[in-house]
Amino acid sequence: MVREANPREVEQAMATLYDMLGVPMHATGEEIKQAYRKAAMKWHPDRNSGAEEVARATFQEIKDAYAILSDAAQRKVYDTVYTEQMRGWEAQRARQQKAQADAQIEGMKAQADVMLKQAQAAKVQVETDMLRQQAQAQGEAIADQQFAEAMAAAAQQDFAAAVAQ
């Protein structure tokens, strides 16, 4: 099973050498040197008692970053590789976002289909109820008419019997 990285882990993993030193990509050699000295002083293990392991690891990362960025040839290679990797990562991220959006759209379509079927079923139920009510009303009207006719016939018979007597 593949575990999705949380955004903070991705952000930390994608931190550039420039980020480690706190300089922009277009920094000059002198700016890189000053940033290295400042970061090295801050993270030197001797200056971080109680957190020596973290300081030692960070200090090593800072030294490695400076070693690459202070050498023009290595910096050029790093910039080229980093740019290519970022393009690849961004393309992969765009594909993942598109796949997620497509999945959401499909889910919404499925939901809409269910809602449409429910609405159609409700419409059929309402129409059926209306037809039943109409039939019932017609039945009552027919029954009322038949009752009225029967009463009229009975009244005529009573009248005829009364006249005959």
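Helices here are DSSP runs of at least four residues, numbered from the N terminus. Keep that in mind as you look at these close-ups, which come from a predicted model.

Figure 1. How accessible are the two partners? Arg-56 is partly exposed, with a relative accessible area of 43%, while Glu-53 is exposed at 59%. This bridge is one of 5 salt bridges that the structure holds.

**Figure 2. Lys-109 meets Glu-106 in helix α5.** Here the salt bridge has an N to O distance of 3.7 Å. Both residues belong to helix α5, where they sit 3 residues apart, about one turn of the helix. Lys-109 is partly exposed, with a relative accessible area of 46%. Glu-106 is partly exposed too, at 47%.

**Figure 3. Arg-132 pairs with Asp-129, also in helix α5.** The closest N and O atoms of this salt bridge are 3.6 Å apart. Along helix α5, Arg-132 and Asp-129 are 3 residues apart, about one turn.

**Figure 4. Tyr-18 and Tyr-78 form a tilted aromatic pair.** The structure has 3 aromatic pairs in its count. In this one, the ring centres are 6.1 Å apart and the planes meet at 55°, so the pair is tilted. Which parts of the chain does the pair tie together? Tyr-18 lies in helix α2 (residues 17-21) and Tyr-78 in helix α5 (residues 72-164), so the pair links parts that are 60 residues apart in sequence. Tyr-18 has 2% relative accessibility and counts as buried. Tyr-78, at 17%, counts as buried as well, because the cut-off for buried is under 20%.

**Figure 5. Tyr-78 and Tyr-82 form a stacked pair.** Their ring centres are 5.9 Å apart and their planes lie at 15°, so this pair is stacked. Both tyrosines lie in helix α5, 4 residues apart, about one turn of the helix. Tyr-78 is buried, and so is Tyr-82. Now bring Tyr-18 back into the picture: Tyr-18, Tyr-78 and Tyr-82 form one aromatic cluster.

Terms used. Residues are numbered from 1 along each chain as its sequence is written. This is a predicted model: local features need pLDDT of at least 70, side-chain atom pairs count only at pLDDT 80 or more; totals for chains, interfaces and linings use all residues. Side-chain values use heavy atoms; hydrogens and water are left out. Rings of Phe, Tyr and Trp (its six-membered ring) pair if their centres lie within 6.5 Å; planes under 30 degrees apart count as stacked, over 60 as edge-to-face and the rest as tilted. Helices (H or I, at least four residues) and strands (E, at least two) are DSSP runs, numbered from the N terminus. Buried means under 20% relative accessible area, exposed over 50%, partly exposed in between (1.4 Å probe, protein chains only). A salt bridge is a side-chain nitrogen of Lys or Arg within 4 Å of a carboxyl oxygen of Asp or Glu.
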